[in-house]
Amino acid sequence: VFGYATGRDHPADDTGTSRLSPHLRFGTINVRTLLKRLGESRSRATSEDEHKGCDIWESELIWREFYAQILANHPHVAKGAFRPEYDRLEWSGREEWFQAWCAGMTGYPIVDAAMRCLNATGWMHNRLRMVVSMFLTKDLLISWQRGERYFMQRLVDGDLAANNGGWQWSAGTGTDAAPYFRIFNPTSQAEKFDADGRFVRRWIPELSGVPDDAVHEPWKNPLWLSRGRYPRPVVDHAVQRERCLAMYKAVRG
């Protein structure tokens, strides 16, 4: 927990997160037990960074409780957007794009590695959950509800409240959500949080031979793609970003 503040954002680091979410989901450990243990750890913290790790880990438990309260008090979120005006969004993404996203074959390595990890293990790193959900909604222009449903079919820690809250945060349709104009660039996210491509290579063997400075943008050298049989990007991020902004502005007036 002392290294959680920075370690939690790097998916290649298997010790960066606690992996306790399935246990919270199924009740094999109680949140009060975790808070008690956290208090014991915080009492041993000797630096500002160690205290920060404890605080941020606690805040993640609070987010979980917050989303449970949202579902309890605003049950309509289970069937639509927390902000009803966003139910009018005209999603224009193609079915083949959704299938590529599900299979981890979009041509964006960090997205594909995350989805392949989910399909194989039933778990996905939290940073990657934000990346792939924002990619589905704001690059592929596909409804967050389709992604929410797919996650619930796959995740071993699938929880209606937390999953719904996370998807609506990424889509910009929920309470305290990322604003609709906040759109992750999947390549920038990968370069920041998987700089050496360790996580990408773990799940995409087709890119095993690509150098570090190109592993997140393999389309820049068609030879690498032809050798590894890895797909070209299904969409252009810059183009889709503008389409996404126009889609949201149309319902905001």
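Residues are numbered from 1 along each chain as its sequence is written. In this predicted model, local features need pLDDT of at least 70 and side-chain atom pairs pLDDT 80 or more, while totals for chains, interfaces and linings use all residues; side-chain values use heavy atoms, without hydrogens and water.

**View 1. Welcome to the largest pocket, with a volume of about 1100 Å³.** Its lining has 35 residues, and Glu-60, Trp-63, Asn-126, Arg-129 and Ala-162 are the closest to its centre. Two or more lining residues come from each of α2 (21-26), α4 (48-73), α7 (126-138) and α9 (160-171). A pocket is an open set of points on a 1 Å grid over the protein atoms alone, where a 1.4 Å probe fits, with protein on both sides within 12 Å along at least five of seven lines; lining residues have an atom within 4 Å of a point. Volume is the space filled by probe spheres set on the points, which are joined across faces, edges and corners. Helices are DSSP runs of H or I, at least four residues, numbered from the N terminus.

**View 2. Next comes the second largest pocket, holding about 250 Å³ of space.** Of its 15 lining residues, Val-1, Ser-18, Leu-38, Ser-41 and Trp-57 lie closest to the centre. Helix α3 gives the largest share of this lining, four residues.
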